Amino acid sequence: MNRPYIFCHMMTSLDGKIMGSYMETPEGEKAGEVFYHIAFGKKPYYRHQGWLSGRVTTDDNFTFYEKPDLDETALPVPQGDFVAQPDAGMYYVSVDPSGRLGWKQNTLTYVDTTAHVLEVLTEKASNAYKAFLRRLGISYIIAGKDELDYALLLEKLKTLFGIETLMLGGGGVLNWSFLQAGMCDEISLVVAAAADASPDTPALFCAKEGFAEAKAVGFQLESAQVEDGGSLWLRYRVKQQ
């Protein structure tokens, strides 16, 4: 299959949560720094050209549940994909099948990493939303009719944007659906020496009806390192089922 190498890079608490008040502890803050420098920063371990997250993760961290500024009277846009910037160097790939995210510009900055925004839509996305993205200079690809076509998505990321290595960055439903689709090669996990036992925050993986089933997956441990603040960096190879 013509697709990028995909590693899922996440930070969790000791009880497996990817969000929560544990992040505000000294141990959580140290683990957050470790997480960032492994994949970003000046001398990252991974040399990837983009990272991919779902709509909720994007709203939580970047678009903050703003509504898109749509023009319902916009002229029909050309069919197919829109490549606004084919050589950005770093892309933020947002899976937004129906087109709901309220972007304000075509780039975002995460700490000191700037990335071009690249939206992943399905044919459910409206003409008004695609016109909105074009107006902002945000690239988008169409990958599926009613549901996300993982193989098509990844092929387009590689052929249209030159992404050879891609970081998968959640949430839990998206992480699990990529695993179940056989589209994840490696797990990179930073475990903070902290927990908050919240019953309402999402876990590293989550099966959701209509996305992926709760079918067990095995992993092969590749490395384990003790990092700052008592955190652990664990790398696993995904055993193909």
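Mentor: R3 is buried, with a relative accessible area of 16% (buried means under 20%, exposed over 50%, partly exposed in between, with a 1.4 Å probe and protein chains only). Before we go on: this is a predicted model, so local features need pLDDT of at least 70 and side-chain atom pairs count only at pLDDT 80 or more, while totals for chains, interfaces and linings use all residues. Residues are numbered from 1 along each chain as its sequence is written, and side-chain values use heavy atoms, leaving out hydrogens and water.

Now, back to R3. You'll find R3 in the segment before β1 (helices, H or I of at least four residues, and strands, E of at least two, are DSSP runs numbered from the N terminus). Skip its neighbours within four places in sequence, and R3 is in contact with L154, K158, G182, M183 and D185 (contact means heavy atoms within 4.5 Å).

How many salt bridges does the structure hold? There are 8. Another one joins the side chains of E66 and K104, at 4.0 Å, N to O. E66 belongs to the loop between α2 and β3 and K104 to the loop between β3 and β4 (107–110), so this pair ties together parts 38 residues apart in sequence. E66 is partly exposed, at 40% relative accessible area, and K104 counts as exposed at 58%. Then there's R135 with D69, whose side chains meet at 3.9 Å, N to O. R135 is in helix α3 and D69 in the loop between α2 and β3, 66 residues apart. D69 counts as exposed, at 54% relative accessibility.

That's the charged side of things; now for the nonpolar side. The largest nonpolar core has 36 residues, and W51, W103, L133 and V190 touch the most other members (such a core is a set of buried Ala, Val, Leu, Ile, Met, Phe, Trp, Tyr and Cys residues joined through side-chain atoms within 4.5 Å). Among the elements that each supply at least two residues of this core are β1 (5–12), α1 (26–39) and α3 (127–136). Helix α1 gives the most, with 6 residues. V190 touches, beyond four places in sequence, H9, M10, A31, V34, F35 and W233, among others. Apart from this core lies another, of 35 residues, including L118 and L157.

Finally, step back to the whole protein chain. Its secondary structure comes to 5 helices and 10 strands. Its radius of gyration is 18 Å, close to the 18 Å that the globule rule gives for 241 residues, so the chain is as compact as a globular protein of that length (the radius is taken over C-alpha atoms, and the rule is 2.2 Å times the number of residues to the power 0.38). Buried residues make up 48% of the 241 residues, and R3, where we started, is buried too.
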